[in-house]
Amino acid sequence: MAENKIWLSSPHMGGTEQKYVQEAFDTNWVAPLGPNVTGFEQDLEKYLKQDVHVAALSSGTAAIHLALVLLGIKPGDEVICQSMTFSASANPIMYVGATPVFVDSEPETWNMCPKSLEEAVADRIKQGKKPKAIIGVHLYGMPFKADEIKVIAAKYDIPVVEDSAEALGSTYKGQKCGTFGDIAILSFNGNKIITTSGGGALVAKDKAMKDKTVFLSTQARDNAPHYQHSEVGYNYRMSNICAGIGRGQMEVLEKHIGLRREMNQFYADLFKDNEHVTVFSEPGSDYKSNHWLSAILVDPKSGKTREDLRLELEKHNIESRPLWKPMHMQPIFEGYPYYGGNVAENLFENGLCLPSGSNLVSEDKERIANVLNSFF
Ligand SMILES: *Cc1c(COP(=O)(O)O)cnc(C)c1O
């Protein structure tokens, strides 16, 4: 193991991040507010378009939590969530005391299956429990079937929370992910397409919702000279230091998306003639993925499993990881309702995420290609 570790996805600084952080120190804005927070929010609003209003927060998880608070979700309510996702999509349902109802994926985008979603909504309503929100996720940067999901949400008048934590820069029919939901969220954790070391954002449709988010995320202080509270508050605002990193990262976002997409093309070329491997790709021209992570499916009929491959890569100090284990298969969420078949289960069984960072160099790619070629 003399060779350096090749990571799945690691932070990639552009170079100007420290300038913004230095400014924060020079002006003593070392607090969860300041010019970088405002500037980063404006950068994101300009980037996402659609006249959205962005509130920078301490994490994507905090943003989902506040989205559910804003929607008035209460103990005993039910919230529908895509099963195939990271646990952070579903955990906030527990924070507000609600019950998660999980829905299977469809095989094209690996995201929420519209048919299973409608089946779930109709059945919950029949049981006297109309779901209060639908959490959809753009897995690995691949946009979910936004038109179909939104038609169902509108038909039953249920708000959509769009978990765009992995999809900053992806588009569906030319519109940026993060602008489809009634509320959307972003993440800037260390492994995401851009990072603030840790952080997130809530994308609101109007200024009133953004103002409410900022109010809730800064301890819900009423307008009074003393500390006065008439609502439960949270300490979820982004710091001005982290936001400085974010401003620098916004300057290289497009470039880094290009590099991630190149990584995906690298795998597509590599496996072009391999009948046992499918590279996760856009199902049509409506979809443009930032390809945050590149993933493959290994056909078990090949006699080799994705776990064999993971161990082989590990031997060469190359990180890879099985796809997200669906929430309905997780011990913590056992026993909650689930609608759909075994699409998500099969994806988990056969899928593997491969090194995808925008900072991988040609020697890294060569090492990866060598292991993959000799394995198959
Ligand atoms: C990373 C991630 C989150 C959580 O974001 P944090 O900033 O890490 O709290 C939520 N949902 C998905 C799908 C994610 O990948």
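Start by selecting K173 and D147: their side chains meet in a salt bridge, with 2.4 Å from N to O. The model on your screen is predicted. This pair links distant parts of the chain, 26 residues apart. K173 sits in the loop between β6 (171-172) and β7 (175-176). D147 belongs to helix α6 (residues 146-156). Colour both by accessibility. K173 is partly exposed, at 48% relative accessible area. D147 is partly exposed too, at 35%. Side chains of opposite charge can pair when their charged atoms come close.

How many salt bridges does the structure hold? The count is 16. Two further pairs are worth a stop.

**Next: helix α10**

Select E307 and R310. Their side chains form a salt bridge at 2.8 Å, N to O. Both residues lie in helix α10 (residues 306-315). They are 3 residues apart, about one turn of the helix. An α-helix has 3.6 residues a turn, so residues three or four places apart point the same way. E307 is partly exposed, with a relative accessible area of 27%.

Now widen the selection to R306, E307, R310 and E314. Salt bridges link these four residues in a network.

**Then: E319 and R321**

Here the side chains of E319 and R321 meet in a salt bridge, 3.0 Å from N to O. R321 is partly exposed, at 38%.

**Move to helix α1**

Select residues 17-26, which make up helix α1. Which of its residues are buried? They are E17, Y20, V21 and A24. These residues sit on the same side of α1, because they cover an arc of only 100 degrees around the axis. Show α2 (35-48) and α8 (240-250) as well: both are among the elements that cover the buried residues of α1.

The face of α1 turned away from its buried side carries Q18 and D26, both exposed. Then step past the end of the helix to N28, which follows α1. The phi of N28 is positive, near 60 degrees.

**Check the cysteines**

A disulfide is a covalent bond between the sulfur atoms of two cysteines. How many does this structure hold? The count is 0.

C81 is buried, with a relative accessible area of 0%.

**Last stop: K192**

Which residue does the UniProt annotation "active site" cover? According to that unreviewed entry, it is K192. Look for K192 in the loop between β8 (183-187) and β9 (200-204). Is K192 buried or exposed? K192 counts as buried, at 10% relative accessibility.

Finish by drawing the surroundings of K192. Leave out its neighbours within four places in sequence. What remains in contact with K192 is A165, E166, S187, R260 and W292. Show these side chains together with K192 to see the contacts in one view.

Technical notes:
Residues numbered from 1 in each chain as written. Predicted model: local features only at pLDDT ≥ 70, side-chain atom pairs only at ≥ 80, totals over all residues. Heavy atoms only, no water. Helix = DSSP H or I, 4+ residues; strand = E, 2+ residues; numbered from the N terminus. Buried < 20%, exposed > 50% of the residue type's maximum accessible area, 1.4 Å probe, protein only. Arc of directions from axis to C-beta. Contact = heavy atoms within 4.5 Å. Disulfide = S-S within 2.5 Å. UniProt positions renumbered as here; feature names shortened; annotations may be inferred.
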